[in-house]
Amino acid sequence: MINSAQINSVAMQRFSRLAANHHLAHAYLLVGPKDSGKTQTALSLAQLVNCERAANLPCGECAACRKIASGNHPDVLVIGNDEMDSIKIEEIRFLLGRAHLMAYEARTKVFIIRNVELMTLEAANALLKTLEEPAANTLMILTTSVLEANLDTIKSRCHIVKFFQKNEIIPNNRKVMDEMLLNRHNDAFLKELASNPQETTQALRLLLSFFRDVILFKSGISKAALVHQDCLKELEKFAARGFEDITQIIRQIVQTKKLVDEKLNVKMSLSLLREHIWAN
Ligand SMILES: [Zn+2]
């Protein structure tokens, strides 16, 4: 059954907008700590693309929604669970066989592979082909809590959606990370950012989640629990700084966010944040 309390509503709103504009990708990789609602959200997305009532979000009541919720939809297949220690090629071959069949009743066949990092190399290579040349009307949703444990070839063929906690997704914005963490002379970027409150908010959320990760990383927590596993080099760099330094950076991010919320000018505050990031 789908536990609606675990569905990431921010992610669902995003999927809903993409679906309405016919911009859904054919493969997503949902990344986030264990119990961040990845599977529930994947099932909800399966409902969204098959719901019989045209709506922004799945109705949860039509036959398609109910079959998906109860695990009885013939065109929605979930592979992998928390007890398995590997996903073997036989399972992926079974999935691929189904992917190339006509749908029984669905508009879009949906294949969910949980803990996809558990695929054997053979299984991953078998899946790659289908990610490259997707079957018609098919949506693949992969989930993982350990982004770095997945092959680059798998990651690069999926749209990555990072879950932070329930109802929060972190925009994957490499430019913000590069400009804010790696470029000391980012005046032009800060000026542009400061002129757009919405983008400033997104950038601050991203930075906040990154520096939370720095604290966790410093505390020696398992990498699987981190949101920004793909930024290990940057995490290591900042984790070498003292806790007080990191806390200062986080305070400045929160302070800047407050100014954005109050619709005040944030240029100065962003510059100050840069000073904290580059302080020695
Ligand atoms: Zn429905």
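The structure is a predicted model, in which local features need pLDDT of at least 70 and side-chain atom pairs count only at pLDDT 80 or more, whereas totals for chains, interfaces and linings use all residues. Residues are numbered from 1 along each chain as its sequence is written, and side-chain values use heavy atoms, with hydrogens and water left out.

Four aromatic pairs are present in the structure. Rings of Phe, Tyr and Trp (its six-membered ring) are paired if their centres lie within 6.5 Å, and planes under 30 degrees apart count as stacked, over 60 as edge-to-face and the rest as tilted. The pair of F15 and Y28 is edge-to-face, because the ring centres are 5.0 Å apart and the planes stand at 75°. Since F15 belongs to helix 1 (residues 9-20) and Y28 to strand 1 (residues 27-31), this pair ties together parts that are 13 residues apart in sequence. Helices (H or I, at least four residues) and strands (E, at least two) are DSSP runs, numbered from the N terminus. F15 and Y28 are both buried, a term that denotes under 20% relative accessible area, with exposed over 50% and partly exposed in between (1.4 Å probe, protein chains only).

An edge-to-face pair is also formed by F211 and F238, with 5.2 Å from centre to centre and 85° between the planes. F211 is in helix 9 (residues 197-218) and F238 in helix 10 (residues 232-239), so the pair connects parts 27 residues apart in sequence. The relative accessible area of F211 is 0%, and the residue is therefore buried; F238 counts as buried at 1%. Ring pairs link F210, F211 and F238 into a cluster.

In helix 7 (residues 174-182), the buried residues are V176, M177, E179, M180 and L181. These buried residues pack against helix 8 (187-194), helix 9, helix 10 and helix 12 (267-278), where contact means heavy atoms within 4.5 Å.

The protein is divided into domain 1 (4-162) and domain 2 (173-277), with bounds that come from an automatic or database domain assignment. The C-alpha centres of the two domains lie 31 Å apart. Six residues from domain 1 and eight residues from domain 2 take part in the contact. About 650 Å² is buried between domain 1 and domain 2, 51% of it on carbon and sulfur atoms; buried area is the accessible area (1.4 Å probe) that two parts lose on being put together, summed over both. One salt bridge is counted between the domains, the criterion being a side-chain nitrogen of Lys or Arg within 4 Å of a carboxyl oxygen of Asp or Glu. A salt bridge joins the side chains of D230 and K162, at 2.9 Å from N to O.

Positive phi values occur at residues other than glycine. N115, with phi near 50°, is located in the loop between strand 3 and helix 5 (121-132) and is buried, with a relative accessible area of 12%. K263 has a phi of about 60° and is situated in the loop between helix 11 (243-261) and helix 12; its relative accessible area is 75%, so K263 is exposed.

T108 lies in the loop between helix 4 (89-99) and strand 3 (109-113). T108 is buried at 17% relative accessible area. Residues up to four places away in sequence not being counted, T108 touches V49, N50, N137, T138 and L139.
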